[in-house]
2 protein chains.
Amino acid sequence: MFTGWSIHALDAKGRLAIPARFRDVLRDEGDERLVLTTSERCLVAYPYNEWRAVADKVSRLSRVDPKVLAFRRYFISGATESLCDKQGRVLIPQPLRELAGLDGQVYLVGMQHNFEIWDKDRWYAEREQISANFGDLSSFMADLGI
Amino acid sequence: MFTGWSIHALDAKGRLAIPARFRDVLRDEGDERLVLTTSERCLVAYPYNEWRAVADKVSRLSRVDPKVLAFRRYFISGATESLCDKQGRVLIPQPLRELAGLDGQVYLVGMQHNFEIWDKDRWYAEREQISANFGDLSSFMADLGI
DNA sequence: AAGAGTTACCCCACAATTCCCCACTTATTA
DNA sequence: TAATAAGTGGGGAATTGTGGGGTAACTCTT
């Protein structure tokens, strides 16, 4: 499981260090490949197999249905397979960097089955946002029996 | 599979570089021909065989049904076969360039079986649009566990 | 039918990016 | 406080992308 936050710097070449404990998770699962994908305001990193399952399902859906196209465009199209270099970094493709507004300080956020990559300011803004709607969340959680 | 985004410049002659990883997909399938077609706000590029499958199906449909005619006009009629030059570029025919509003920065977007070619501003507008109608997509997301 | 202008296609040269190293600094652990 | 691990920075080769010249084909005009 991916848990905890890390702050790392995105270097001038667009590389981002992956925290050792995240890399350990990958190694323990026997496949160090990572897939970077886009989400709304951040990037999401999946272990390769985890992502494969999703991508395979989607690939079998319609090639013309507008809803499927929208979904594919939004969540699938950006997926980029990558490997850590010897120093444990991945190169974030320029368009993904741009989408997620990454520069300078980056937050890596464990989300159990995957982890997210946030620009620092956006990450704090996101938490603000969530906390503004906290009431709704709590009742939602309560419904789930948590 | 075509995945990931690339940003390339459309040069003064209307040529567009195809990312190396997309060209690899074509080469691996043993047929480097590409078919460019029109879609709603962007262009779509198919490997030749993939396109053939679509075009063959449509060719067997009615020659008079207005819906089929409309579909044919919209998605089929603009199809243009083309090959990459030695530098890995294709020439985008001027009418298609115009239709998709391409100039300057162009996004190439992997859509699994094919890839789309977007004007940068339109691409971001499209994402906005999708995210505004997120409700439509929730069924997929639930299905896929995203 | 000939000539001017445009467009497409081939080529080469340069620029930018990516990839693969190695070295240094900062944390962590013993 | 040494020893090991983690994270950062940067050099240099290889790959990828960009710009542009020159010739051939094609269109349009006269």
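In chain B, helix H2 (residues 48-59) and helix H3 (residues 66-76) cross at roughly 160°, and their axes come within 11 Å. Axes here are lines fitted to C-alpha atoms, for helices over the stretch in contact, with angles from 0 to 180 degrees between N-to-C directions. H2(B) is therefore roughly antiparallel to H3(B), the term for angles over 145 degrees. On the H2(B) side the contact is made by Trp51(B), Val58(B) and Ser59(B), and on the H3(B) side by Phe71(B), Arg72(B), Phe75(B) and Ile76(B); contact means heavy atoms within 4.5 Å.

A word on provenance: this is a predicted model, in which local features need pLDDT of at least 70 and side-chain atom pairs count only at pLDDT 80 or more, while totals for chains, interfaces and linings use all residues. Residues are numbered from 1 along each chain as its sequence is written, chains are lettered from A and ligands numbered from 1 in the order written, and side-chain values use heavy atoms, without hydrogens and water.

Let me turn to Thr38(B), which lies in strand E3 (residues 34-38) of chain B. Is Thr38(B) buried or exposed? Its relative accessibility is 9%, so Thr38(B) counts as buried (under 20% relative accessible area, 1.4 Å probe, protein chains only). The Thr38(B) side chain reaches the backbone oxygen of Tyr74(B) at 2.6 Å. Residues touched by Thr38(B) include Phe75(B) and Leu96(B).

Finally, between the chains, helix H3 (residues 66-76) of chain A packs with helix H5 (residues 120-132) of chain B at about 110°, the axes being 10 Å apart. H3(A) and H5(B) are therefore roughly perpendicular, meaning 65 to 115 degrees.

Conventions. Helices (H or I, at least four residues) and strands (E, at least two) are DSSP runs, numbered from the N terminus. Angles under 35 degrees count as roughly parallel, over 145 as roughly antiparallel, 65 to 115 as roughly perpendicular and the rest as oblique. Buried means under 20% relative accessible area, exposed over 50%, partly exposed in between (1.4 Å probe, protein chains only). A polar contact is a pair of N or O atoms within 3.5 Å; within protein, one must be able to donate a hydrogen and the other to accept it, and residues adjacent in sequence count only if both atoms are side-chain atoms. Lists of a residue's contacts leave out its neighbours within four places in sequence.
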